[in-house]
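Good morning, and thank you for coming. Please look at the structure on the screen while I speak.

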Amino acid sequence: MKSITAFRIADLLEAGCEFVRARRGVELVVLAGSMDAAHDLVRLACDAAILGAHRLTLPLLARTLAERAMHEQSLAPLTVTAAEAIAARVVSIARAEKRLEYFREVAARPGFAVALARTLAELAAEQIAPAGLERGGPAGRDLALLAARYAQELADRRLVSAAQLYSFAAAEVRAGRHQFCRLPLLLLDLPPDSASERELLQSLTDASPDVLVLALAAEAAGTPSAASALESLQRNLFAPEPVPDRPADATFTVFSASSEALECVEIARAIHAAAARGVPFDEIAILLRNPEQYQPLVEEALRRAAIPACYSRGVARPEPSGRAFLALLACAREDLSAARFAEYLSLGQAPVPGTAGWERLLNEAAVIGGERRWQRRLRRLEEHYRARLECAGAGDDRAYWHERLERLESLQSYSLPLMRRLAQMPRHTTWTEWLEALYELAQAALREPGPVFEFLDELQPTAGAGDASLEDVLLLMSGRLRSLRTAPAGDRYGHVFVAGINEARGMSFRLIFVPGLCEGSFPKPAFEDPLLLDEARRRISPNLRVSTEEDERGLLRRAAACARDQLVLSYPRIDVVGGRERVPSLYIFEAARAARGHAYDTRGLQEEAAAFARTTLRRPAPADPADAIDLAEYDLAALHAAVDRQQKGGAAYLKEVHPYLAPALRARWRRWSKKWCAADGLVDLDVEALQVLEQHRPARRAYSTSELEEFAVCPYRFALRAIHRLRPLEPAAAIECVDPLTRGSLFHRIVFELLRDLEDAGLLPVARARLEAAFEKLDAAVVRVAAEFAEQCEPVLPQVWSTEIERIRADLRGWLAEKALSEPDWTPLAFELSFGLPAGGAHDPRSVPDPLAVLEGVRLRGSIDLVERHTSGALRVTDHKTGAERAPQPVMVGQGEVLQPVLYALAAGQILGGPVLTGRLSYSTLRANFRTVDLPANAAAQAAAAKVIHVIDESLRTGFLPASPRQDACQACDYQAVCGPYEEQRARLKSQPELRPLAQIRRMP
């Protein structure tokens, strides 16, 4: 056996090529850390055809060698998924038997089984028997118990772990029963990671007649002379001896960028520059210490730069069928949640056509969850649609309702059987029954169930592995099914190679990039195994890995060894998410010392690194458009150049390339200019638009008081709500807390039911003597209305719901007592007295269907909470409030935002045929101490309301409804998505004379 060590992979490959060429025409085995490395070696040696060169990795070789023994004993290899499931089974049994001591408190945690499977695999690979774990103290004793049961579970299911696979392979080699045992063997940069791997490699080298071992030098050489900075770095990295000073050259470069994303963009830019110098893409590699963090950023940067790339780990992409399947399982777990079912529909995996619009139907029907509610709510929506269809005339209206009814029927025919299937799924059963149920669900509910079937096939070895809950199934499946990692297509040639550092073992490239060298990222902090700490590991076996920094140093040495011509290290300067400055890794400075000696300056190196990048977070484009990696960067660079040089027309081409850019920029400029224009709301309208607005003047159509009150808050908000009829889409969802709107609806409905019951029982007005009887009627109304609302909004937390109902009951008892004690002379005359509202619902019998004309023709619609008559015959209207008091307290019309009392007083007077003296705001809660605010309905109040409505009418007549909110009005506005967050600032910059009428009503008391 011959061994060769070197500091560069290129030197090892050269020696390996000589070995292969010298044995041309003879079968041999090339064993490398990856198939790409083995292919590269043979191709480099192949100046002519070479036959019989078997290229393998160690796991593939072990699997090949062990096939005979596994077949003879009817064994199957253990997959990662099955290993985790069996580990979960072992933990569940140990917990049920109460055998665990050290891990008793954490064994039920979701990640414990995954960590256990990983630790047991490591122990098995080091050939440590369960009995040997006893030396590890309390943790070792628990692990010994779990390891013994885990091994027994594998034996019962005739499964072979990776460690057993290596043992079978080594036995096969020693027996000499495989052709590979008698062939020349080349080991390329293949340091064994465990005792099982060492045993197999030792068996192979003992059996082979001719062995060449190619390995990287384990320690720095400290050689005084080197031809380049890169060679000096490769020889002296982490050397304890001083490194001779040498001038910097292009073979070693350090750069920094503002963020990880811009770091990858700069790498793409550097690849373009290298390609322009004649470096092929397949001679360039990006080696990642943290592939999970950096690979998505590298993918995006290379995609933008149109650089072809090969990713050794494949590309992770969302897997729609897997995500849809998980959504259905979550739907079953959450009592048939309609939101989860809508998520499933959105992924397009339903195996039936015509699912578009089903989510809207679910929302309209207020389907929230529960099998009975699914049936009941969809049936009621069907009845509603059929009624609308019967009432519809001929033409488009009838066709519209017919189409909606057909869509609803298709939703019912598909969803209700599926909900029945989900409702019948077990919540806790054996893995055998789980697999059967999951196969059936995937077959019935997925258009492309292949990926889910593949995953379930991997779980087949766990059949009979005890019980599992639905939560366990979801936890096991979620990590794998949410995304699918597709293997790289074809070979890597012609593509930039992107991989983890260890995945490039035995490979050599002209140009290597290693990003992410900042503290906390590379090197990573050394963490101990959570199940078996370092101290326990040392007691168990000296071969078990402990947490040291040497592994991190080895990774940087390996990355440097892969470079032939140039090594580029980089790091981000800013943590964009955390908003803090990053510290460059000490490895950056160690690499600079090894490459340049002590001549480098730390601060100078950082300044040099920062000067390399062409982009920053503030200016994400290079100064020269020719350096751009894509069209977006080019456009930004051209625009910046035109602005910096005051070059008129320098970016005019953008108007042709991007037809919407110029209008968007002009609209933004108009919004921030001083002059009011069409970009500021309904402003500067043409004749046709004014004619449309003419139909919306207060004398032409009916408004509610709440709509009219919106004008003083913001004219454009009034337009969006009252004219455009825009409303935020609020999907039906089971409430977790009672929002103010729901609480107000509950309160008003209970008051209506209560007053109607009291009137029927002859208990009005509520006096002191009738108070107990009134309380009984109140309790009955609360129970009745709460049950109806609970059916509508399906509270998730019954305790929260019942607590809120009791608060409303307490408020109403206090309100009744206050009425009985302090206002015995006022008798409720009408409640929920409506006008201009559709028939039906909870309204007073004296309600009128048509809008009322008040204040010289203003058409009004609404519903008055309560009208009361005094013993003197005077009337007053009351509006119940369940929220906080207004500040400042209104005196007449409250800055144009409190029109309800005076307008409702005029409406009640018309309906009931008598003058109404006052309007009242009744804060009917214990929190507000049942405070009331009486507002006059006299001539002065009517004149103030008329002034407000006149301003609204003039704004509609002239077409001037700008976005001009009062202070803090935008904070809780539903239309921020329409206007943006800066309307208050913009309105202050605008011309103010046009806003004088609005300013006047905002000053009204």
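What you see is a predicted model. Its secondary structure comprises 37 helices and 28 strands. The radius of gyration is 39 Å, well over the 30 Å that the globule rule gives for 1005 residues, so the protein chain is more spread out than a compact globule. Its C-alpha trace spans about 120 × 75 × 60 Å along the principal axes. Of the 1005 residues, 50% count as buried.

Let us now consider charge. The chain carries 123 positive and 133 negative charges, and their mean positions are 3 Å apart. Side chains of opposite charge can pair when their charged atoms come close. How many salt bridges are there? The count comes to 78.

One of these joins Glu-126 and Arg-198, at 3.5 Å from N to O. Glu-126 lies in the loop between helix 5 and helix 6, while Arg-198 belongs to helix 8, so the pair ties together parts that are 72 residues apart in sequence.

Glu-199 counts as partly exposed, at 24% relative accessibility, and Arg-174 is exposed, at 54%.

Glu-710 is buried, at 12%, and Arg-717 counts as buried, at 17%.

Notes
Residues are numbered from 1 along each chain as its sequence is written. This is a predicted model: local features need pLDDT of at least 70, side-chain atom pairs count only at pLDDT 80 or more; totals for chains, interfaces and linings use all residues. Side-chain values use heavy atoms; hydrogens and water are left out. Helices (H or I, at least four residues) and strands (E, at least two) are DSSP runs, numbered from the N terminus. The radius of gyration is taken over C-alpha atoms; the globule rule is 2.2 Å times the number of residues to the power 0.38. Buried means under 20% relative accessible area, exposed over 50%, partly exposed in between (1.4 Å probe, protein chains only). Lys and Arg count as positive and Asp and Glu as negative; His and the chain ends are not counted. The place of a charge is taken as NZ of Lys, CZ of Arg, CG of Asp or CD of Glu. A salt bridge is a side-chain nitrogen of Lys or Arg within 4 Å of a carboxyl oxygen of Asp or Glu.
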